[in-house]
Amino acid sequence: NDVFQDNGGKVLQVLILLGLRISPGREGNDAIDAEQNEYELKTINKLLSKSVTTNHHLNLDILAKYRAVKAWYIAVYEGIVLKAIYRVDPTSLETKFSYWESRIRGGMESINNPKIALSLIEKEGELVYPKQN
């Protein structure tokens, strides 16, 4: 139903629309701009989910990277059709980050796939696509 989900087609579309480049290697954040600012990219198919999955093994190192990016870009799809892209400042996600950090520091080695609700992204994020007139 969604041929673009696991092969990077959606991420490629977002990179092109935002004028970003994929970050080299597997470590670090997802994308960089011309000034070398780093960004976290996530996609969500809102026909299948109401939340964004972060990382399969979220730990303190990954959490530090999430906090350090210039912004998060969340692309919202309905199936394979891009409906919106939100730019979210990491400080807007700090409540989530702090909660996850407390769980890890409380004895968990990592957290499996913590989520960010689409409603939080829509509330805290700036709509950058489609451009509003």
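**Salt bridges, a helix pair and some backbone exceptions**

Arginine 67 and glutamate 101 form a salt bridge, with 3.0 Å between the closest N and O atoms. This pair ties together distant parts of the chain, since arginine 67 belongs to helix H2 and glutamate 101 to helix H3, 34 residues apart. The model is a predicted one, and the distances and angles given here are computed from it. Arginine 67 has a relative accessible area of 29%, so it counts as partly exposed.

Arginine 105 is exposed, at 59% relative accessibility. These contacts belong to a network of salt bridges that links Arg67, Glu94, Glu101 and Arg105. In general, side chains of opposite charge can pair when their charged atoms come close.

On the H2 side the contact is made by Leu60, Leu63, Tyr66 and Arg67, and on the H3 side by Glu94, Phe97, Ser98, Trp100, Glu101, Ile104 and Arg105. By class, the residues of this contact comprise 6 nonpolar, 1 polar and 4 charged.

The count of salt bridges in the model is 5. One of them joins lysine 42 to glutamate 40, with the closest N and O atoms 3.2 Å apart. Is this pair buried or exposed? Lysine 42 has a relative accessible area of 13% and is buried, because the cut-off for buried is under 20%. Glutamate 40 is buried as well, at 4%. Glutamate 40 sits in strand S3, residues 38–45. Leaving aside residues up to four places away in sequence, glutamate 40 touches Asn29, Asp30, Tyr66, Val69, Ala71, Trp72 and Tyr73. Among these, Tyr66 is also one of the H2 residues that meet H3.

Lysine 83 is partly exposed, with 39% relative accessibility. Not counting residues up to four places away in sequence, its contacts are Val76, Tyr77, Glu78, Tyr129 and Pro130. Tyrosine 129 is 46 residues from lysine 83 along the chain, yet their C-alpha atoms are separated by 7.8 Å.

Most residues other than glycine have a negative phi, and most peptide bonds are trans. The peptide bond from tyrosine 129 to proline 130 is cis, with omega near -5°. Proline 130 is placed in the segment after strand S8, which spans 126–129.

Which residues other than glycine have a positive phi? Glutamine 36 is one of them, with phi of about 70°. Glutamine 36 is located in the loop between strand S2 (31–32) and S3. Asparagine 113 is another, with phi near 55°. Asparagine 113 is in the loop between H3 and strand S7 (115–117). With a relative accessible area of 18%, asparagine 113 is buried.

Key
Residues are numbered from 1 along each chain as its sequence is written. This is a predicted model: local features need pLDDT of at least 70, side-chain atom pairs count only at pLDDT 80 or more; totals for chains, interfaces and linings use all residues. Side-chain values use heavy atoms; hydrogens and water are left out. Contact means heavy atoms within 4.5 Å. Helices (H or I, at least four residues) and strands (E, at least two) are DSSP runs, numbered from the N terminus. Ala, Val, Leu, Ile, Met, Phe, Trp, Tyr, Cys and Pro count as nonpolar, Asp, Glu, Lys and Arg as charged, and the others, Gly among them, as polar. Buried means under 20% relative accessible area, exposed over 50%, partly exposed in between (1.4 Å probe, protein chains only). A salt bridge is a side-chain nitrogen of Lys or Arg within 4 Å of a carboxyl oxygen of Asp or Glu.
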